[in-house]
Amino acid sequence: MRKLSAAAVGAALVGIGLVGPLPSASAAAAATCADNYDNALAGYMYAYNGANCEGQLGLAVGNDQNWGDSASSFQGSDTNRASSVLNMGRYSQVKFFANPTTGSAFNPHICLTRAEGYASNLSDDYFMEDPVFGSANNSISAHIWVELTACSALAQ
């Protein structure tokens, strides 16, 4: 009887080993910016409501100088909601603004280069690299495509 019990326990352990470990909550984690970057459309920039490129707000191939209006790619409630951004542009950088672009020479901004690819959490990025101008998190109201020389502050 004792040998039978030991054999049954051994068979059960072998069976569990064949099935493998059960997935944990961390193993089933959501997509990351790297995943989204790999699947992004060439020539587009993306903005997300959450950190780590979760909760897509929208995407744009062109400029959108006012995310709060009802024109262009981003509209209405999209303004001041981005917490992460992704740049899959072909050659250009994306310049994000704290306010809609109205032709003013001064508007706090932050750029995301094509080489950077994405900024997964804007809470540690500041417009014009200066906390005085405020965090870029939940503060983007416009974007345009520019050459690198037009950027004085880069997202990280």
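Y46 is buried in this predicted model, with a relative accessible area of 7%. Y48 is buried as well, at 4%. Together, Y46 and Y48 form a stacked aromatic pair, with 6.3 Å from centre to centre and 10° between the planes.

**Aromatic rings**

- How many aromatic pairs does the structure hold? There are 4 of them, and the pair of Y46 and Y48 is one.
- W67 and F74 form another stacked pair, with 4.1 Å centre to centre and 15° between the planes.
- Both of these residues, W67 and F74, are buried.
- Ring pairs also bring in F96, so that W67, F74 and F96 are linked into a cluster.

**The open sheet**

- Strands of a sheet pair through backbone hydrogen bonds, and they can do this in a parallel or an antiparallel way.
- Here, 4 strands form an open sheet with antiparallel pairing, and their order is β2-β1-β3-β6.
- Which strands stand at the edges? They are β2 (54-60) and β6 (118-119). Each has a single partner strand, so one side of each is left without a neighbour in the sheet.
- Strand β1 covers residues 45-50 and is joined to β2 by 5 bridges, with the two running antiparallel.
- To find one of these contacts in the structure, look for A47, whose bridge partner in β2 is G58.

**Strand β7 and its partner**

- Strand β4 (residues 93-97) runs antiparallel to β7, and 5 bridges join the two.
- For Q93, the bridge partner in β7 is V146.
- Is β7 enclosed or open? Of its 5 residues, 5 are buried, so β7 is largely enclosed by the rest of the structure.
- In a regular strand the side chains alternate between the two faces of the sheet.
- In β7, A142, I144 and V146 point one way, while H143 and W145 point the other way. The residues on both sides are all buried.

- Where is V132 found? Look in the loop between β6 and β7 (142-146).
- V132 has a relative accessible area of 69%, so it counts as exposed; the cut-off for that word is over 50%.

Definitions and conventions: Residues are numbered from 1 along each chain as its sequence is written. This is a predicted model: local features need pLDDT of at least 70, side-chain atom pairs count only at pLDDT 80 or more; totals for chains, interfaces and linings use all residues. Side-chain values use heavy atoms; hydrogens and water are left out. Two strands pair if DSSP finds at least two bridges between them. Buried means under 20% relative accessible area, exposed over 50%, partly exposed in between (1.4 Å probe, protein chains only). Rings of Phe, Tyr and Trp (its six-membered ring) pair if their centres lie within 6.5 Å; planes under 30 degrees apart count as stacked, over 60 as edge-to-face and the rest as tilted.
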